[in-house]
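Keep the sequence and the 3D view side by side. The text below walks through strands, helices and a few loops.

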Amino acid sequence: MGAESLTLEKFEEASEIVTKVTSETKLVYSEYFSGQTGNKVYLKPENMQYTGAYKIRGAYYKTSLLTDEERAKGLITASAGNHAQGVAYAAKMFGCKAVIVMPASTPLMKVNRTKSYGADVILHGSVYDEACEYALQLAQEKGYTFIHPFDDLDVATGQGTIAMEIVKELPTVDYILVPIGGGGLCTGVATLAKLLNPNIRVIGVEPANAACMQASLKAGKVVTLPSVSTIADGTAVKTPGEKIFPYVQKNLDDIITVEDEELIVAFLDLMENHKMVAENSGLLTIAALKHLNVKKKKVVSIISGGNMDVITMASVVQHGLIQRDRIFTVSVLLPDQPGQLVKVASLIADLQGNVIKLDHNQFISINRNAAVELRITIEAFGTEHKKQIVDALAQNGFNPELVRTNSTYNL
């Protein structure tokens, strides 16, 4: 289609076409995040899309522009999950074959969902970039039509339809926060937002250990990171798109990077306050809210997807509770005498701490009368409550020591 793709006419056409496959994701005003940040924060819940992510927009719009001949050859793409489902679903709607190459580390839920739309899934490589290389090779060998997940102006146009919906619903929006993997979503959103209102500031958000767009913008050209390491698997990309890069340079106002630990806390905040599940990449824009150095602005955080498998979810919840001091483990040494355990348990209960796990080790010392170790995992309301419990144990002569752990508790 060429560089003329990112025009207002194309965005308007795409907005009309994608309504055939998208659910209406109306903005959700967040009292909680507004209170935390001093801004009016709205969520754009693309995690509520039929395929669980915004990617259906670009995939379907791109597929609609293909010729019958290109569709008949079968579609192929590479994806860590959400674009995979988008292309698989688009292929199903147009009645054509889809082959999806996914990194071997892709969560099983994303693999199974992609297969459920009738696509053939091939697991290859450890990161997206390796899967993409293999998909391009297969496209050449077998004549499939390749649909790039982000470095394609038509795909980016489809993704940009999100900005059309945001501006229609909230014409006075000041800031739009958008996650960045390879840059397709931020290209579409930033370009269309500026076409509609040049005063809207569009801020990209990347994982700190996969910030390929930030590195490229600093270098003034597309660069490849030596490695990426983040729990946000949907945005774990080493090289951003070449074709879309000039649009990002022109239209993106800034980039915020977010540490993985911040995503864990953002997951808890979103789940507890909005009853919403977002995958780690979708949480980037939630975690970035506190990095925005503005007040009294209307801010929209695009939650790009919600495809998180239950095992990952359980791990994230536990880590989040630990980080927030809602769960902690303390070690106390007791004389090996009857009644000692009851004393400790009563003390914790009186302070409304909830014991969720106990480890009683009689063999910590050769002299059992001197010491038996008790490790107690306790549920608390937060940092202040945790401190009260630990202080009370100390005042009652139990000499508590906090047990540091980075792993999840085997509850």
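Val330 stands opposite Ile376 in β13. This is a predicted model, where local features need pLDDT of at least 70 and side-chain atom pairs count only at pLDDT 80 or more, while totals for chains, interfaces and linings use all residues. Residues are numbered from 1 along each chain as its sequence is written, and side-chain values use heavy atoms, with hydrogens and water left out.

Stay with this strand pair. β11 (residues 327–334) and β13 (residues 372–379) run antiparallel and are joined by eight bridges. Two strands pair if DSSP finds at least two bridges between them. Helices (H or I, at least four residues) and strands (E, at least two) are DSSP runs, numbered from the N terminus. Another bridge partner in β13 is Glu379, which faces Ile327. β11 also pairs with β14, again in the antiparallel sense, over three bridges. There, Thr329 has Val403 of β14 as its bridge partner. Strands of a sheet pair through backbone hydrogen bonds, either parallel or antiparallel.

How many of the eight residues of β11 are buried? Seven are, so the definition matters: buried means under 20% relative accessible area, exposed over 50%, and partly exposed in between (1.4 Å probe, protein chains only). β13 is mostly covered too, with six of its eight residues buried.

Now move to the parallel pairing. Four strands form an open sheet in the order β5-β4-β3-β6. β5 (120–123) and β6 (145–146) stand at the edges with a single partner strand each, so one side of each has no neighbour in the sheet. β4 (residues 98–102) runs parallel to β5, and four bridges join them. Within that pair, Val101 stands opposite Ile122 of β5.

Next, look at Val87. This residue lies in helix α5 (residues 82–94). Is Val87 buried or exposed? Val87 is buried, because its relative accessible area is 0%. Leaving aside residues up to four places away in sequence, Val87 touches Ala59, Leu75, Thr77, Ile100 and Ile147. Contact means heavy atoms within 4.5 Å. Val87 and Val99 are 12 residues apart in sequence, and their C-alpha atoms are 9.0 Å apart in space.

Helix α1 (residues 8–18) shows two faces. Its buried residues are Lys10, Phe11, Ala14, Ser15, Ile17 and Val18. They cover an arc of only 165° around the axis, which puts them on the same side of α1. That arc is taken from the directions from the helix axis to the C-beta atoms. What does the buried side of α1 pack against? Its buried residues pack against α3 (56–65), α8 (153–169) and α9 (184–196). The face turned away from the buried side carries the exposed residues Glu9 and Glu16.

Most residues other than glycine have a negative phi, and most peptide bonds are trans. Gln352 is not a glycine, yet its phi is positive, about 65°. Gln352 is found in the loop between α15 (340–350) and β12 (354–361). Its relative accessibility is 57%, so Gln352 counts as exposed. Asn399 is the other case, with a positive phi near 45° in a residue other than glycine. The loop that holds Asn399 runs between α16 (383–395) and β14 (401–403). Asn399 counts as exposed because its relative accessibility is 60%.

Finally, step back to the whole chain. The protein chain has 16 helices and 14 strands. Its C-alpha trace spans about 80 × 50 × 40 Å along the principal axes. Of its 411 residues, 56% are buried. Consider the contacts between residues at least 6 apart in sequence: 73% of them join residues at least 24 apart. The chain exposes about 18000 Å², and carbon and sulfur atoms supply 50% of that. Accessible areas come from the Shrake-Rupley method with a 1.4 Å probe, and for residues only the protein chains shown count as cover. The mean positions of the 39 positive and 44 negative charges are 2 Å apart. Lys and Arg count as positive and Asp and Glu as negative, while His and the chain ends are not counted. Each charge is placed at NZ of Lys, CZ of Arg, CG of Asp or CD of Glu.
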